[in-house]
Amino acid sequence: MNYINKKESVPVQIGDFTLYCEKFKSSGVKNFSEHNTVSGNEIITNSGKKAVRITFSGRICNKNPLEFLVKINQMMYNTESFSIEYKETVFGKCHVQSFVVDDENNGYISATVTLIATEISLKGVETS
């Protein structure tokens, strides 16, 4: 049997914890202000890009994995931004938007963390 792709978790450092990422998802949105003229034609009067949403799903494996719940909750209230690296991509000026922690008594917890980031770059590549 030939294997096309071997799936391995990617370690992602979030604060003091390593999340072994099994699923990654990212999305970006740009909002437009649309109006109609007196004659009924459409015009765009303004636009603005929103921060990119990044979602990491995976496992937290350490001595007390539920400590992650406490720390990620504290990070959500923190106003300081931080950076995350995933597969040679750096997401900068991140903030925690949401999280879900699931403990099934396996010695690790499953966690999903959604961040918003305003900067994205490749590791080692300067952006202007």
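Modeller: Let us start with burial: a residue counts as buried under 20% relative accessible area, as exposed over 50%, and as partly exposed in between (1.4 Å probe, protein chains only). Of the 128 residues of this chain, 25% count as buried. Please keep in mind that this is a predicted model, where local features need pLDDT of at least 70 and side-chain atom pairs count only at pLDDT 80 or more, while totals for chains, interfaces and linings use all residues. Residues are numbered from 1 along each chain as its sequence is written, and side-chain values use heavy atoms, with hydrogens and water left out.

Biologist: Which residues in helix H1 are buried?

Modeller: An α-helix has 3.6 residues a turn, so residues three or four places apart point the same way. In H1, residues 67-77, the buried ones are Phe-68, Ile-72 and Met-75. Viewed down the axis of H1, the buried residues fall within an arc of 55°, so they line one face of the helix; the arc is that of the directions from the helix axis to the C-beta atoms.

Biologist: What covers the buried residues of H1?

Modeller: Look for contacts, meaning heavy atoms within 4.5 Å. The cover includes strands E1 (10-14), E2 (17-27), E5 (52-60), E6 (82-86), E7 (89-103) and E8 (109-122). Across the chain, of the contacts between residues at least 6 apart in sequence, 58% join residues at least 24 apart.

Biologist: How many aromatic pairs does the structure hold?

Modeller: Rings of Phe, Tyr and Trp (its six-membered ring) pair if their centres lie within 6.5 Å; planes under 30 degrees apart are stacked, over 60 edge-to-face, and the rest tilted. This structure holds five such pairs. One of them is stacked, because the rings of Phe-24 and Tyr-86 have centres 4.4 Å apart and planes at 15°. Phe-24 lies in strand E2 and Tyr-86 in strand E6, so this pair ties together parts 62 residues apart in sequence. Phe-24 is partly exposed at 29%, whereas Tyr-86 is buried at 11%. The rings of Phe-56 and Tyr-86 have centres 5.6 Å apart and planes at 65°, so that pair is edge-to-face. It joins Phe-56 in strand E5 to Tyr-86 in strand E6, 30 residues apart, and Phe-56 is buried at 0%. Ring pairs link Phe-24, Phe-56, Tyr-86 and Phe-91 into a cluster.

Biologist: And how many disulfides does the structure hold?

Modeller: A disulfide is a pair of cysteine sulfur atoms within 2.5 Å, and there are zero here. Why? The sulfur of Cys-21 has its closest cysteine sulfur in Cys-61, 13 Å away, which is too far for a bond. Cys-21 is buried at 3% relative accessibility, while Cys-61 is partly exposed at 36%.

Notes. Helix = DSSP H or I, 4+ residues; strand = E, 2+ residues; numbered from the N terminus.
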